Amino acid sequence: IKLLMDKSFRNDMLSTLHPEAQNATHLASLDREYSLYDIAIMTRAGAAKLVGLADRGHLGVGAAADITVYTDHADREKMFTSPDYVFKDGNIVVKNGELVKVIWGTTHVVKPEYDKGIEKPLKEYFDKYHTMTMGNFKISDDEIVDDGRGSLTVQPLKKGGKL
């Protein structure tokens, strides 16, 4: 079975991008071919780990159980076009390729501590140099999820209160 991200396929797909986008990536110089396992790690586990989502990107205890199940097929495009099952937070949302339930996701945020004393000089700066007030740039939790279709999940900070 042809690998999903073999070098020739990767370069064929890369050639469809705008030349500036092609120049912004090193994908064409990669000789390595990636297995489906490698791709799952890079696109799921790696991405979740990169942004610090401890409950995403894995199937361990306490994980969110975001899972997609496919029937193996030599034509990978066909295989990935219609998953057999999709689970979102452990709930089945696609069964036998058909949508059975809509579950809205969550917006993941962090709320690091900061010196609130900075707000006074920032306000003075905005008042002096800008036509909008600093208040125009503050976003409340309600504004983040104001369409009513999702929720806000505050992710814990790493040790020492750092992002």
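## Salt bridges

The structure holds 10 salt bridges, a salt bridge being a side-chain nitrogen of Lys or Arg within 4 Å of a carboxyl oxygen of Asp or Glu. This is a predicted model, in which local features need pLDDT of at least 70 and side-chain atom pairs count only at pLDDT 80 or more, while totals for chains, interfaces and linings use all residues. Residues are numbered from 1 along each chain as its sequence is written, and side-chain values use heavy atoms, with hydrogens and water left out.

One of the salt bridges joins Asp66 to Arg56, with the closest N and O atoms 2.9 Å apart. Both Asp66 and Arg56 lie in the loop between H3 and E1, so the pair ties together parts that are 10 residues apart in sequence. Asp66 is partly exposed at 37% relative accessible area, whereas Arg56, at 15%, counts as buried (buried means under 20% relative accessible area, exposed over 50%, and partly exposed in between, with a 1.4 Å probe and protein chains only).

The side chains of Asp127 and Lys123 meet in a salt bridge of 2.6 Å, N to O. Both residues lie in helix H5, 4 residues apart, which is about one turn of the helix; helices (H or I, at least four residues) and strands (E, at least two) are DSSP runs, numbered from the N terminus. Asp127 is partly exposed, with a relative accessible area of 43%, and Lys123 is partly exposed with 46%. Elsewhere, salt bridges that share partners join Asp55, Arg56, Asp66, Lys88 and Asp89 into one network.

## The largest pocket

The largest pocket has a volume of about 810 Å³, where a pocket is an open set of points on a 1 Å grid over the protein atoms alone, at which a 1.4 Å probe fits, with protein on both sides within 12 Å along at least five of seven lines, and lining residues have an atom within 4 Å of a point. Grid points are joined across faces, edges and corners, and the volume is the space filled by probe spheres set on the points. Of the 26 residues that line the largest pocket, Ala40, Thr43, Arg44, Asp66 and Thr68 are the closest to its centre.

Helix H3 (36–50), strand E1 (67–69) and helix H4 (76–81) each supply at least two residues of this lining, and H3 gives the most, with 10 residues.
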